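Some notes on the model follow, as numbered points.

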Amino acid sequence: MLPTYASPIERIWFWSFRIFCVLILIFLVSPLLVIVPLSFSADTFLLYPIKSFSLRWYEEFFGNGIWLTSLKNSFIVAPAATLLATTLGTLAAVGLTSSDFPGKSVLMSVLISPMVVPVVIVGVGAYLFFAPLGLSNSYFALILVHTALGVPFVVITVSATLRGFNANLIRASASLGANPITTYRRIVLPLIAPGVISGALFAFATSFDEVVVTLFLAGPEQTTLPRQMFGGIKENISPAIAAAATVLILFSIALLLTLEWLRGRAEKTRTSVA
Amino acid sequence: MLEVMPTMSQTLTVNAPLTAADGELLTVKLAREHRNKQLKAVALVAPLAIFLLLTFLVPIFMLLGRSVDNPEVVTHLPATSQLIASWDRRALPSEEVFQAMARDLTAAKEAKTVPEVAKRLNMDISGFRSLIQKTARKMPLELAAGETMRDRFIQMDERWGDPDHWHVIAKNAKSWTPYYLYSSLDLRETKAGTPELAPEEERAFISIFGRTLWISFWVTVFCLLLGYPLAYWLANLPARKSNLLMILVLLPFWTSVLVRVASWIVLLQREGLINSALMNLGIIGEPLQLAFNRVGVYIAMVHILLPFVILPAYSVMKSIPPTYMRAAISLGDHPFAAFWKIYFPQTVAGVAAGALLVFIMCIGYYITPALLGSPEEQMVSYYVAFYTNVTINWGMAAALGSLLLIATMTLYGLYSKLVGANKLSLG
């Protein structure tokens with residue numbers, strides 16, 4: 001807050017800075033706010049002002065085989081990729097933080113690299129690799145590559161949680177007679193759970209939002225929701241896309257709330273343990 | 001020093017070596033324990049490492065290999081490839097080479113592989129496609145008495161009497177070629193085998209790489225200009241308020257990129273909200289062209305990548321005690337000077353890392369320019385996809401992809417050095 005003795009210039013600066021920041025926030029959220037009402041429009045074009053409202057585009061979305069199949073495919077690929085990425089990523093993060101070994105930092109860079117390698121390269125490479133194996137139009141290959149893309153997020157979040165982990169707790173547990181597996185299950189896992197779950201959410205979101213690899217690797221049978229939207233935006237952009245977008249926005253709100261709740265819980269556990 | 005050392009070690013070895021409870025030397029036991037721990041760590045990382053090797057690294061290496069792969073002539077014209085290696089490359093090749101060519105083309109015609117060879121050779125000299133196809137159609141040839149295969153070929157088409165055409169065959173009679181990589185850099189191979197710049201009207205890719213870097217540079221600059229002040233504001237608000245406002249940053253971050261691109265089309269198109277608002281306010285008479293050009297691409301890309309600057313900047317700024325600034329101001333500094341001398345330097349490293357990450361992600365961008373840009377905005381990734389899907393030219397796709405990958409990995413190496421890959425954090 002401004003002190004009462006602030007000079008006029010200070011006042012102008014204070015308020016213009018505030019207005020600038022608020023404008024950036026508006027810039028960030030306005031696209032999301034704009035598309036939601038259009039999904040309730042009765043019009044066939046994505047245009048304002050909305051003349052009359054209807055749910056016809058939701059009928060189109062939930063009644064149309066193409067959209068439903070793509071939604072179903074997304075719900076096959078994303079959870080499978082998430083499960084695989086979370087398992088492999090958590091194990092690796094535990095290994096990476098538990099001990100130093102030669103080549104560790106290079107290995108870490110390699111494990112993170114799927115996050116920065118341009119997706120087109122991953123997509124074309126995956127096609128070159130899986131097509132000769134007869135796997136180019138399969139869920140299997142799609143799940144594997146989506147796992148690879150999601151793994152860095154799990155490694156990063158779980159490693160970060162483990163760095164804040166007090167290793168004396170493991171020793172305390174062992175000294176009280178627990179074997180390593182019991183210690184892991186009762187002590188380590190509950191404490192790193194928020195990191196694991198938030199990594200899993202990142203991996204899920206990565207797969208759930210992935211278009212480019214899907215473009216190269218999926219046949220018409222494996223079309224995912226983002227792939228369907230990509231085609232829709234490219235060809236003719238109808239309010240059915242707005243309906244799909246609204247569903248996805250609701251979904252991201254749910255993801256975000258879960259993540260924030262986890263963060264709060266992690267803070268609480270950390271402070272109560274310390 | 002040298003005189004002191006023995007006495008020191010003497011005092012150390014006076015005592016008996018330390019042993020564990022079971023009588024084993026403690027140093028040995030500790031070393032073994034350490035090794036076991038390392039092995040366990042490696043065993044935990046191994047599944048992921050192997051998984052990524054198979055699903056991620058091997059495919060990318062296959063792509064890199066494709067950029068120099070040149071199988072067409074060697075596989076489909078095997079006899080010619082073998083014989084032409086000993087050609088002196090001045091006059092026309094010998095009669096044996098022509099005969100080998102006739103045999104190879106006959107075999108290729110039967111195996112239906114003529115189009116592949118024709119397509120490959122046509123890349124070096126246009127018109128070679130039709131020459132090969134025309135010649136193959138006439139196979140097998142029956143020679144009249146006293147006629148050589150060379151005469152017959154030249155009689156069929158005089159281009160067979162042009163050493164340049166044979167030169168192209170000789171050049172491609174190797175299983176690898178720098179052709180695609182050279183082409184991706186607007187270079188071409190001279191007869192001496194050295195690269196030279198292609199004539200101006202044939203150059204395309206240098207400008208595409210330039211455009212990719214240029215767009216990425218400006219997106220990064222805009223992200224910094226918008227992200228830094230916002231992060232500063234959020235970091236210095238009371239926690240309750242900043243947590244609430246942070247949701248406005250995180251929500252778009254978690255929303256599908258396609259949703260955001262679709263929304264920007266709605267906002268920016270000719271009849272879109274922004275144009276109609278501006279026209280209703282009487283600021284403009286004609287709708288502005290905002291989508292499907294550079295403006296639209298900049299707006300959408302900045303929108304998508306802005307959180308990647310805001311989040312690291314915010315976490316760096318949160319760790320700077322506000323008392324530093326207050327101390328500087330109370331010691332007589334102007335608030336701006338205090339900010340510039342005290343606050344800003346502490347944020348540079350964290351913010352620069354965020355900006356570098358944004359730049360790295362930008363140069364590989366595909367979806368946003370593909371949906372919101374005109375052909376003038378398409379970046380390298382688009383052409384990788386284009387050569388893969390549309391013209392099915394794996395060599396060009398792989399070569400462009402390899403150069404893009406090299407650029408990305410160089411920057412990523414820099415990033416790892418600067419930040420340390422293990423210190424990367426998310427929000």
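**Notes on the predicted model**

1. In the contact between the two chains, 74 residues come from chain A and 69 residues from chain B. On the side of chain A that touches chain B, at least two residues each are supplied by α1 (8-38), α3 (65-98), α4 (104-112), α5 (119-130), α6 (139-163), α8 (180-208), α10 (225-235) and α11 (239-273) of chain A. The most come from α1(A), which gives 13 residues.

2. By class, the residues on the side of chain A that touches chain B are 61 nonpolar, eleven polar and two charged.

3. Two of the helices named above, α6(A) and α8(A), also pack against each other, at an angle of about 160° and with their axes 8 Å apart. Angles over 145 degrees count as roughly antiparallel, so α6(A) and α8(A) are roughly antiparallel to each other. The crossing of α6(A) and α8(A) is right-handed.

4. Which residues make the contact of α6(A) with α8(A)? From α6(A), they include His146(A), Leu149(A), Gly150(A), Phe153(A), Val154(A) and Thr157(A). Among those that α8(A) contributes are Ile192(A), Pro194(A), Gly195(A), Val196(A), Phe202(A) and Ser207(A). This contact of α6(A) with α8(A) has twelve nonpolar and nine polar residues, and no charged residues.

5. Chain B is divided into two domains: domain 1 covers 71-175 and domain 2 covers 205-420. The distance between the C-alpha centres of domain 1 of chain B and domain 2 of chain B is 53 Å.

Key
Residues are numbered from 1 along each chain as its sequence is written. Chains are lettered from A and ligands numbered from 1 in the order in which they are written. This is a predicted model: local features need pLDDT of at least 70, side-chain atom pairs count only at pLDDT 80 or more; totals for chains, interfaces and linings use all residues. Domain bounds come from an automatic or database domain assignment. Two residues are in contact if their C-beta atoms, placed from the backbone, lie within 7 Å. Helices (H or I, at least four residues) and strands (E, at least two) are DSSP runs, numbered from the N terminus. Ala, Val, Leu, Ile, Met, Phe, Trp, Tyr, Cys and Pro count as nonpolar, Asp, Glu, Lys and Arg as charged, and the others, Gly among them, as polar. Axes are lines fitted to C-alpha atoms, for helices over the stretch in contact, and angles run from 0 to 180 degrees between N-to-C directions. Angles under 35 degrees count as roughly parallel, over 145 as roughly antiparallel, 65 to 115 as roughly perpendicular and the rest as oblique. A crossing is left-handed if the near helix is turned anticlockwise from the far one by less than a right angle, and right-handed if clockwise.
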